Amino acid sequence: MTHKLTQGDHILHVENLARVEGEGSMHVVVKDGLVADVELQIFEPPRFFEAFLRGRAWTEPPDITARICGICPVAYQMSSCLAIESACGVTVPEEIRLLRRLLYCGEWIESHALHIYLLHAPDFLGYPGAIEMAADHGPVVERGLRLKKAGNALMTLVGGRAIHPVNVRVGGFYRLPTPDELRSIRPRLERARDDAVETVRLVAGFDFPEMVQEQEYVALRSPHGYPLEGGSVVTSTGRTFEVADFGTHVVEEHVARSNALHARLDGQESYVVGPLARYALNHDQLGPLAQEAARDAGLGDECRNPFQSIVVRAVELVHATDEAIRIIDEWEGAAAPFVDVPARAGIGYGATEAPRGLLYHRYELAEDGTILDATIVPPTSQNQRSIEADLRVFVQDRLDLPRDELVRQCEQAIRNYDPCISCATHFLDLTVEDR
Amino acid sequence: MTENGRPKLAVWKFASCDGCQLTLLNCEDELIPLAGAVEIAYFPEATRAVVEGPYDVSLVEGSVTTPADAERILEIRSASRRLITIGACATSGGIQALRNFADVAEYRSIVYAHPEYVQTLERSTPIAAHVTVDYELHGCPIDSRQLLEVLAAFVQDRRPRIPSYSACVECKRRGTVCVAVAHGTPCLGPVTLAGCGALCPTFSRGCYGCFGPQDTPNTGSLADQLQVLGMSESQVLRVFRTFNAAAEPFRLESEKHEEATP
């Protein structure tokens, strides 16, 4: 996760001060004109969440694990709540599940708008960043900021604030939003939904490098619709298993070059989580508006070009705005903001769909609720091998490019995954080694 | 300053969650005007364009946890006319400073299969433990209005108008009923710095101290009151040991309860 830091001595160059641009770097080995190896090196300093969660109370993970990522704190809160509740044998009532889904929609809107407009679109339109892009594409950037703001407003309404929401607790929420409060945000979400549809039109018109991913896609699937706040695991080769069995299928490995642990599924080289996987495995569950947007954008039943993940993200933006409006319209209140989750000894598992893909938590509790062990597997550690696999193919075809252009294009390819290298996004330090 | 007279702004990241620099991007209405008022010279989360230093104002997020970062902050200081730290990690060491109370070698072996690959310091320390800091903005995360006020103040060469009183003052101002007095809910408001707008009590929960200690916190007296409200020694220890665990007043208070906790 969070496991981010240091490296073997062969990459010591990344640690000196000229490289302060970022928290990750890329190392390419070329042998006789062929790309022999690509390493994505992650050296975010380790923060040891899984270690210091030991000894804390079962009620604490939502507040504590939110701090793993300022861009997707709700994902951490939701997965941790599910895991603790499962350890304690509690299932929250339907209204609480819906309110969680609504809060999660806010995070998807905020995070997807941030990634599409501020981080990824500048690559396709040829700008170093959104601020520079705004000079020529003012209305486009304004639309992105408006969408982002709508997501933040929804998170603030349900969660109390957009970064590290305060209203989430194990068992539900501290306080329920009133029906009036929920209705008050509807006009803004309607505007956001229109903006989301426009977003799909915009990004569908970008030029995409040709590329086909062969990896297995992994996502949640849920009886409650397109997966956000829960479900069981499904894969593109037809495997299905419960979240409780995640640990028997997925093994994390620690490699010298990275402080993010690398995940493998059933011994395979790599697999992919995130928008492309969710779409391939759940597109039938998108709302009618999102399905129409996907069709108009030319997406089929699955999309295996990682560069088009920006289109799928935009389609998910349509779905999240539409879904938020639906939940608000159907909201009939709840009996209580939370249910009691009494401590007991046990092991619990939880997985939800963070904007960047499946996020898994596992906790082992003592009888009094003290956490004995914690495991957190975030999306980026699951995708890391696939990012490298993509880059191997991608770089091979572009070895003749001038270095600066190669770096720029590789960064764009890495950003297809919206990697949460503690969510740093512009981080590439490229070394090409000829042997 | 740049040739056009705009001050040069840089944003740097150390061990953190990125949330405090995201706060800058979350100023959706102000972002483009801000980019007109200052030159965003280095902000990798927003742009790959890099303008050479020195910088007029550097915002620093995150704490120092590796030998390399302890070196890097010196370079950043020497390239910055003014250096402002933002957030609990940069101002107090953050939640990762929980290692300061533990054995970091053990932490490393809990998380990593190959602890020998991981370079990390025994302690997570705030930026001010390494270099002179011109201003510290607190919060986990920081508040966006406060961030804009601090940036405006530095551009205008004046002192930021940021309160140093407790969250209780904000509660009173908002007219929020005191959750501790009225409902017996344990609350860190009396010892916690204002800035969030006293958010938690408006959501029927006690303040959990994410803005860190206020100027003159009476933590001992609050700890007594928390126990009157039913908290055990170990619970009191833990409420002081979260996102600002290494901030001096919180650290000292938590250590008192360490002795009492079996």
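This is a predicted model: local features need pLDDT of at least 70, side-chain atom pairs count only at pLDDT 80 or more; totals for chains, interfaces and linings use all residues.
Which residue of β7(A) stands opposite A:Val234?

View 1. Residues are numbered from 1 along each chain as its sequence is written, while chains are lettered from A and ligands numbered from 1 in the order in which they are written. Four strands, in the order β7-β6-β5-β10 (chain A), form an open sheet with mixed pairing (strands are DSSP runs of E, at least two residues, and helices runs of H or I, at least four, numbered from the N terminus; two strands pair if DSSP finds at least two bridges between them). Because β7 (240-241) and β10 (271-272) of chain A each have a single partner strand, they stand at the edges, with one side of each left without a neighbour in the sheet.

**View 2. Strands β6 and β7 of chain A.** Strand β6 (residues 232-235) of chain A runs antiparallel to β7(A), and 2 bridges join them. A:Val234 stands opposite A:Thr240 in β7(A).

**View 3. The two domains of chain B.** The domain assignment gives domain 1 (8-155) and domain 2 (167-260) of chain B, with bounds from an automatic or database assignment. Their centres, taken over C-alpha atoms, are separated by 25 Å. In domain 1 of chain B, 14 residues are in contact with 13 residues of domain 2 of chain B (C-beta atoms, placed from the backbone, within 7 Å). Helix α4 (residues 88-92) of chain B supplies the largest share of this side of domain 1, 3 residues.

Terms used: Two residues are in contact if their C-beta atoms, placed from the backbone, lie within 7 Å.
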